[in-house]
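Biologist: I have a model open and want to learn how to read it. Please take me through its features one at a time.

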Amino acid sequence: MAAWVPLALALVQLLIMVILAEKAEALGKKFRKALEDLKSPLITKVCGNGLLNAIVIVSPPDHPNLAYHILPPPQKHGLLAKPSHQHIIRLAPPLCITDEELQEGVQIIARALEEVQTVRVKDIPGVDL
């Protein structure tokens, strides 16, 4: 009787992986669409696969490291992201994220993008001109 238990556990693990992969793909599409719908002049491209996503931003000639300075506002609101290559922001929400949390994250990103447009570059903490 106990011989089928490992098989049942493997089947349950497989089902969980399939469900999580489908959820990641569906939420990732929603996430990318919501980011594109922001229509921010700073965003040149939104790309990704599943919940692994990136925003490519415009870096003005006077501030090539803008991606590194967009991130502090979202971080103070609980959204973590990683800058990459000075003009890319990587976003990777957890697989257990809900639709509501995903939309909240998009709103935090929108506020950060708006905020950075109204701030003078020399007033951003950590910027050396």
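The dialogue below goes through the core, the surface and the charged pairs.

Biologist: What kind of model is this, and how are residues numbered?
Modeller: This is a predicted model, where local features need pLDDT of at least 70, side-chain atom pairs count only at pLDDT 80 or more, and totals for chains, interfaces and linings use all residues. Residues are numbered from 1 along each chain as its sequence is written, and side-chain values use heavy atoms, with hydrogens and water left out.

Biologist: Which residues of the largest nonpolar core touch the most other members?
Modeller: The general idea comes before the case. A nonpolar core is a set of buried Ala, Val, Leu, Ile, Met, Phe, Trp, Tyr and Cys residues joined through side-chain atoms within 4.5 Å. Buried means under 20% relative accessible area, exposed over 50%, and partly exposed in between (1.4 Å probe, protein chains only). Here the largest core has 27 residues. Phe31, Leu35, Ile55, Ile70, Ile89, Leu91 and Ile109 touch the most other members.

Biologist: Which elements each supply at least two residues of this core?
Modeller: Helices (H or I, at least four residues) and strands (E, at least two) are DSSP runs, numbered from the N terminus. The suppliers are helix 1 (5–37), strand 1, strand 2 (52–57), helix 2 (66–70), strand 4 (88–91) and helix 4 (99–118). Helix 4 gives the largest share, seven residues.

Biologist: What does Ile89 touch, not counting residues up to four places away in sequence?
Modeller: Contact means heavy atoms within 4.5 Å. With that sequence limit, the partners of Ile89 include Ile55, Ile70, Ala81 and Pro83.

Biologist: Is Ile43 buried or exposed?
Modeller: Ile43 counts as buried because its relative accessible area is 16%. Ile43 sits in strand 1 (residues 43–49). Beyond four places in sequence, Ile43 touches Leu35, Leu38, Ile55, Val56, Ile57 and Leu113. Take Leu113: it is 70 residues from Ile43 in sequence, but 8.8 Å away in space, C-alpha to C-alpha.

Biologist: And Asn49, buried or exposed?
Modeller: Asn49 counts as exposed because its relative accessibility is 55%. Asn49 also lies in strand 1. Glu25 and Arg32 touch Asn49, leaving out residues up to four places away in sequence. Gly28 is 21 residues from Asn49 in sequence and 6.8 Å from it in space, C-alpha to C-alpha.

Biologist: Which residues make the nonpolar surface patch?
Modeller: Patches are made of residues with over 30% relative accessible area and no salt bridge; like charges are joined within 9 Å, nonpolar side chains (Val, Leu, Ile, Met, Phe, Trp, Tyr) within 5 Å. Accessible areas come from the Shrake-Rupley method with a 1.4 Å probe, and for residues only the protein chains shown count as cover. Leu11, Leu14, Leu15, Val18 and Ile19 make a patch of about 470 Å². Ile19 is in helix 1 and is exposed at 53% relative accessibility.

Biologist: How many salt bridges are there?
Modeller: A salt bridge is a side-chain nitrogen of Lys or Arg within 4 Å of a carboxyl oxygen of Asp or Glu. By this rule there are two. One joins Asp99 and Lys30 at 3.3 Å, N to O. That pair links distant parts of the chain, with Asp99 in helix 4 and Lys30 in helix 1, 69 residues apart. Asp99 is partly exposed at 36%, and Lys30 is partly exposed at 42%.

Biologist: Where do Lys33 and Asp37 lie?
Modeller: Both lie in helix 1, four residues apart, about one turn of the helix.
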